[in-house]
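Q: I have a new structure open and would like to learn how to read its features. Could you walk me through some of them?

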Amino acid sequence: MENCVFCRIVKGELPASRVFEDESTLVFMDLQSVNPGHMLVVVKPHRANVYELDDELAGAAWRTAARMARAVKAVVGCEGVTLLQANEKAGAQTVFHFHIHVVPRWEGDGMALAWPAKNPPREALEEMAAKLRAAL
């Protein structure tokens, strides 16, 4: 993708503070960091979202994210790490190239992840589980 900012970073056309790279992924510091050590794990080929990843590329991305979580915890001594991955506009995706945020966390750091729990009945959960199994 010519106009994709993450593709341009992968190609070296735009600057980035690179942390790690392997054949499938690139990790760099997020310009819009929430906390010190906030990184982005991107897949090297352009894939807009999680639906476009094959199992191998998805596995590579999450292996790299886990490795970066361990590294940032060791370096900055955070109290936790949030791994965040969003898909499509309704899912809060803003850059349409698959990426995972690795965000070091501390109590009271101001970052919130909250949703309105709807607590469906067990029957509704079982019905949805059956539909999802059938789709696999």
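A: Gladly! Let's begin with a pair of side chains: those of threonine 25 and threonine 64 are joined by a polar contact of 3.0 Å. Keep in mind throughout that this is a predicted model.

Q: Where does threonine 25 lie, and is it buried or exposed?
A: Threonine 25 is part of strand 2. Burial is judged by relative accessible area, with under 20% counting as buried. Threonine 25 has a value of 0%, so it is buried.

Q: Which residues does threonine 25 touch, leaving aside those up to four places away in sequence?
A: Its neighbours are Phe20, Val41, Val42, Val43, Lys44, Ala60, Ala61 and Thr64. Notice Thr64 in that list: its side chain is the polar partner we began with.

Q: How should I read a nonpolar core?
A: The general idea is that nonpolar side chains tend to be buried together in soluble globular proteins. Here, the largest nonpolar core has 16 residues, and Val41, Met68 and Val102 touch the most other members. Strand 3, helix 2 (55-76) and strand 5 (99-105) are the elements that each give two or more residues to this core. Helix 2 supplies the largest share, 7 residues. There is also a second, separate core of 9 residues, and Cys4, Val10, Phe28 and Leu40 are among them.

Q: Which residues does valine 102 touch?
A: Not counting residues up to four places away in sequence, valine 102 touches Gly37, His38, Met39, Val41, Ala65, Met68, Ala69, Val72, Val81, Thr82 and Leu83.

Q: Where is glycine 37, and is it buried or exposed?
A: Glycine 37 sits in the loop between strand 2 (25-29) and strand 3 (39-43). Glycine 37 has 17% relative accessibility, so it counts as buried. Beyond residues up to four places away in sequence, glycine 37 touches Met29, Val72, Val102 and Pro104.

Q: And what about threonine 82: where is it found, and is it buried or exposed?
A: Threonine 82 belongs to strand 4 (residues 80-84). Its relative accessible area is 12%, so threonine 82 is buried. Its side chain joins that of arginine 105 through a polar contact of 3.0 Å. With residues up to four places away in sequence left out, threonine 82 touches His101, Val102, Val103, Arg105, Met111 and Leu113.

Q: How do I read an aromatic pair, and how many are there?
A: Look at the distance between ring centres and the angle between ring planes. The count here is 1 aromatic pair. The rings are those of phenylalanine 6 and phenylalanine 28; their centres are 5.6 Å apart and their planes lie at 70°, so the pair is edge-to-face. It links distant parts of the chain, as phenylalanine 6 is in helix 1 (residues 5-10) and phenylalanine 28 is in strand 2, 22 residues apart.

Q: Finally, which residues does UniProt list for a domain?
A: An unreviewed UniProt entry lists residues 5-112 as "domain: HIT". Over that stretch the chain is 26% helix and 24% strand, with the end C-alpha atoms 26 Å apart.

Technical notes: Residues numbered from 1 in each chain as written. Predicted model: local features only at pLDDT ≥ 70, side-chain atom pairs only at ≥ 80, totals over all residues. Heavy atoms only, no water. Helix = DSSP H or I, 4+ residues; strand = E, 2+ residues; numbered from the N terminus. Buried < 20%, exposed > 50% of the residue type's maximum accessible area, 1.4 Å probe, protein only. Contact = heavy atoms within 4.5 Å. Core = buried A, V, L, I, M, F, W, Y, C linked by side-chain atoms within 4.5 Å. Phe/Tyr/Trp six-rings, centres within 6.5 Å; stacked < 30°, edge-to-face > 60°. Polar contact = N/O pair within 3.5 Å; in protein donor to acceptor, adjacent residues only side chain to side chain. UniProt positions renumbered as here; feature names shortened; annotations may be inferred.
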